[in-house]
Amino acid sequence: MTAAVVAGLLAGYGIAIPVGAVGTYLVGLTARTSLRVGACAALGIASADGLYALVAAVGGSALAPVLEPIVVPLRWVSVAVLLGLAVSGAVTAVRRYRAHRLTGITQEVPVGAVKAYLSLLGMTLLNPMTVIYFAALVLGGSKSMDPGFVERGVFVIAAFLASASWQLLLASGGALLGRALTGHVGRLVTALGSSLVILILAVRMV
């Protein structure tokens, strides 16, 4: 049981700690909205990691060979989504900034907690490397032991909790950033910086 907990925690932190495009978007989203919205988005990412951990734990050695032929198409879909997010975020930020300068009225585009959760869940599910990552971990561990139903469940829960704790930490950082950059120029810079990083990460995926 302890081995399953440790393996799940290591797996969850291993896939969550490297801050990529999704993590960058999470920080930027929280900075522009609120900690509540950011926390829901963070749980969306963790839910996707937990779901992939479940699929990997159940699929075992059969998962990686099945996914291998579709890794390239999924990667291109991920690139397209990231590019869309980068452009959309930049355009929205510029329009909001110009509207404020013309009218003097602050009108933030409402982003609900449910929408934030579902959006980040979908973004994370588009990453095929997450599935292969968990599949490789489960496959490697199965050589030394044959975990039962309980152990597999503990592994999935531990992976989810590890990912959730890290994503919530990122969201908290985004909330602090949002408090520090409350002006319209600060929000514009934050949004454009986030879009630029996402654009670079998307290009690197090609």
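Helices, as named in these legends, are DSSP runs of H or I with at least four residues, numbered from the N terminus. The model shown is predicted.

**View 1. Overall fold of the protein chain.** The protein chain holds 9 helices and 0 strands, giving the pattern α-α-α-α-α-α-α-α-α along the sequence. Of its 206 residues, 37% count as buried. Where contacting residues of the protein chain lie at least 6 apart in sequence, 89% of these contacts join residues at least 24 apart.

View 2. At least two residues of the nonpolar patch come from each of helix 1 (2-16) and helix 8 (149-180). The patch is formed by Met1, Val5, Leu9, Tyr13, Ile17, Phe149 and Val150, which together have about 660 Å² of accessible area. Helix 1 gives the most, with 3 residues.

**View 3. Tyr13 in helix 1.** Tyr13 sits in helix 1 and is one of the residues of the nonpolar patch. Its relative accessible area is 32%.

View 4. Helix 6 (residues 113-125) has 13 residues and should span 18 Å at 1.5 Å a residue; its end C-alpha atoms are 18 Å apart, in agreement. Ala113, Ala116, Leu120, Leu121, Met123 and Thr124 are the buried residues of helix 6. Viewed down the helix axis, these buried residues fall within an arc of 165 degrees, so they line one face of helix 6. Val114 and Lys115 are exposed on the face turned away from the buried side.

Note on methods:
Residues numbered from 1 in each chain as written. Predicted model: local features only at pLDDT ≥ 70, side-chain atom pairs only at ≥ 80, totals over all residues. Heavy atoms only, no water. Buried < 20%, exposed > 50% of the residue type's maximum accessible area, 1.4 Å probe, protein only. Contact = heavy atoms within 4.5 Å. Expected span 1.5 Å × (residues − 1). Arc of directions from axis to C-beta. Patch = residues over 30% accessible without salt bridge, like charges linked within 9 Å, V, L, I, M, F, W, Y side chains within 5 Å. Areas by Shrake-Rupley, 256 points an atom, 1.4 Å probe, with all protein chains shown as cover. Salt bridge = Lys/Arg side-chain N within 4 Å of Asp/Glu carboxyl O.
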